[in-house]
Amino acid sequence: MTDAILYWGRYLDSADGPEAEARARFWLAKAAESIGDSASAARQLETAAAVAPLDYHGLRARSLAADESPSREPQAEVQPPALAWGRIAIWLLSWAGPEDSLAHLAFFQGANWQLALELARTGLQSEAESVFADLLDGARGEPWRLYRMARALGQEGQVSLAARAAARLVRVHPDPPRELLTLAYPLEYLDLAGESAGEYGFSPLLLLALVRQESFFDPGAVSSASALGLTQVIPSTAGEIAGRLDEADFQNSDLFRPRVSLRYGAFYLGAQLELFEGFTSAALAAYNAGPGNGLRWWETAADDPDLLLEIIDFSQTHAYVRLVLENYALYRYTYGQAEQPSLPLP
């Protein structure tokens, strides 16, 4: 364990950015705890949670510091909070200063915004999304504009784009209010997600966390690997699931229907959770890279979810597991399933 302390100490010295620092301090805390130095472990966890509060290692650090135990049962019914726009505005004012009302009016009356709205309202969604995406890129470093765009896009029913705008703002400054988080982590398809996840014994918020990463709520999403729909199930896997569900009339195009995609994704994730005895990290790794790889990593990690993340040797899967778990932690906090942003894992 002394070697681990030396390694992570050197990593901390060269850490580039808060996420790398949180990772180093998290592992220094685990190393310190293993040799009985609880005081050092507590200090490292506190710092890790402070420097990267919404990152995987910051969320895990806060959970370990609070000695939280994960529940293996689906959480209570999700109750969406009422949106209080004033709280977001007060938060923005506290660190970004007052809004430039003239710039606000000029932007929303501008030709590009009006073009995007017209395209969306006439059903040319992909063309509209392209214009909106360019406008989002142009709003980098402008928190008030990001907020106004997130709010306006949400009111237009552009859930995915509203979430993207809000997500950029969430990461800019500490302690974003829950009202902003509801835009960044929306409850789109909650009823269907609750129905599907409940059938297989896990929280609908975990399924929404997966959907947010897989398709960002676009039911027509198609990946480079030909994965389809909200939960990005590949056709060969979908065919196997259809057989298990005794749905002989299934067609691949059915995966573009939210009800089907959510049910098939929930079935597959539920199967991985059963295989890995409720260990969410391993189940997500298997969902992304296949059960064989999931088993390989899980057996090496010996039931340690943090070690499992470290040893995943597929960069895409490593990022996938981390990001879905970050999503899940923020969903739990946003919708009242946790008192603070944290990530208790078995």
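Q: Which residues of helix 9 meet which residues of helix 10?
A: In this predicted model, Pro143, Leu146, Tyr147, Ala150, Leu153 and Gly154 of helix 9 meet Leu161, Ala162, Ala165, Ala166, Arg168 and Leu169 of helix 10, where contact means heavy atoms within 4.5 Å and helices are DSSP runs (H or I, at least four residues) numbered from the N terminus. By class, these residues divide into 10 nonpolar, 1 polar and 1 charged, with Ala, Val, Leu, Ile, Met, Phe, Trp, Tyr, Cys and Pro counted as nonpolar, Asp, Glu, Lys and Arg as charged, and the others, Gly among them, as polar.

Q: What describes two packed helices?
A: The description consists of the angle between their axes and the distance between the axes. Helix 9 (residues 143-155) and helix 10 (residues 159-170) have axes that come within 8 Å and cross at roughly 155°, the axes being lines fitted to C-alpha atoms over the stretch in contact and the angles running from 0 to 180 degrees between N-to-C directions. The two are therefore roughly antiparallel, a label for angles over 145 degrees.

Q: How do helix 1 and helix 2 pack, and at what angle?
A: Helix 1 (residues 2-13) packs against helix 2 (residues 18-34) at about 160°, with the axes 9 Å apart, and this pair is therefore roughly antiparallel. From helix 1 the contact takes Ile5, Trp8, Gly9, Tyr11 and Leu12, while helix 2 contributes residues including Arg23, Trp27 and Leu28; the classes are 9 nonpolar, 1 polar and 3 charged.

Q: Which conventions apply to numbering and confidence?
A: Residues are numbered from 1 along each chain as its sequence is written. Local features need pLDDT of at least 70, side-chain atom pairs count only at pLDDT 80 or more, totals for chains, interfaces and linings use all residues, and side-chain values use heavy atoms, leaving out hydrogens and water.

Key: Angles under 35 degrees count as roughly parallel, over 145 as roughly antiparallel, 65 to 115 as roughly perpendicular and the rest as oblique.
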